Amino acid sequence: MAQPAVPSTQVQQPTVPLRVPVREILPWAVFAAVLGLVLLYFIGAEQGATSVFSGTWVHEFTHDGRHLLGFPCH
Amino acid sequence: MMRSLLIRGMLAGLAAAALALVIAWIYGEPQVGHAIAFEEAQAAASQAQTHHHGGGGAAESEVVSRTVQKTTGLITAMVVYGVAVGGLFAIAFAFAYGRIGTLGARATAGLVALGGFVAVVVVPFLKYPPTPPAVGNPDTIGGRTALYFGMVALGVLATTAAVIVQRRLLPRFGTWNATIAATVGFAVVVGIVYRLTPKPDAVAEGFPATVLWDFRIASLGIQVVLWATLGLLFGALTERAFQRVRSTQSPHISPPGGTR
């Protein structure tokens, strides 16, 4: 119900494509990959082997999640 | 199309993370607690001998309290992980839909989730399994991090390659045999890499084996729940959305614009 999955613009007759064209996927793929990898880095690896910020707060804050999600923690 | 898929993937990832959190609290956290208790007992024992033991620094002044680590810290980590994985999953789904046979949205999402689980969980798990606190030498964190992410990359590449190979072999050998051949090829490649990569294992002496086992099974359970929820929920929602779009095409079922 609350899922705005269908584009509400009904001007063009919307169809379910047989497949999504690669040209249409690519920009979104780049966006999702960059965003996803940055997020995963900060959750999984920041202040472990490498640090963008100094200190240990990020490491300690995400400590349990890192261990349980399988990232090498310390 | 892509925008709604991506948003749906991230929301399904969020829901998957919420369920996985329950598993983490019930099965994972007790093991983390046992491991930390062991770590502290060891630190106390070595502190009684020498003044201070030189690597970890886990028993020093707490930057973040255990309570925060167990609650907001774990919630944040799981939610961010779920949303990130959900977004990447949506992209993988978009590439797979209509390209891995004549499968519907639900079956495609299920297979993509299975593939993703094998690629980023099972492949690294078998060689570099998750380690509870007190397991793993802090001096080797650099190498272990590189090896772990390398193994994730191998899993993604090998799984993608296996799918492409299966599609290529399919016309000549049929679905069943092409799938077996691609899976065997995948297993051989991963097996060879397992044999060639180093294993910097550092289970502390006297660390209880049951805690290690239970921790790793809990960790695997978290991932199973996360990926299963993601795949099934994303598939169900996408199937429904596609059906709604189809129903707008035949005006006597529902008038255009009146489907929301």
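**Exercise 1.** Which residues does the domain assignment of chain B give to domain 1 and domain 2?

*Solution.* Before we start, this is a predicted model: local features need pLDDT of at least 70 and side-chain atom pairs count only at pLDDT 80 or more, while totals for chains, interfaces and linings use all residues. Residues are numbered from 1 along each chain as its sequence is written, and chains are lettered from A and ligands numbered from 1 in the order in which they are written.

Step 1: domain 1 of chain B takes in 1-42 + 65-135 + 209-260, and domain 2 is 138-202 (bounds from an automatic or database domain assignment).

Step 2: the centres of the two domains, taken over C-alpha atoms, are 21 Å apart.

Step 3: ten residues of domain 1 and 14 residues of domain 2 make the contact (C-beta atoms, placed from the backbone, within 7 Å).

**Exercise 2.** Work out how α3(B) and α5(B) are arranged.

**Exercise 3.** Find how many residues each chain brings to the contact between chains A and B.

*Solution.* Step 1: chain A gives 44 residues and chain B gives 57 residues.

Step 1: on the chain A side, α1(A) supplies the largest share, eleven residues.

Notes:
Two residues are in contact if their C-beta atoms, placed from the backbone, lie within 7 Å. Helices (H or I, at least four residues) and strands (E, at least two) are DSSP runs, numbered from the N terminus. Axes are lines fitted to C-alpha atoms, for helices over the stretch in contact, and angles run from 0 to 180 degrees between N-to-C directions.
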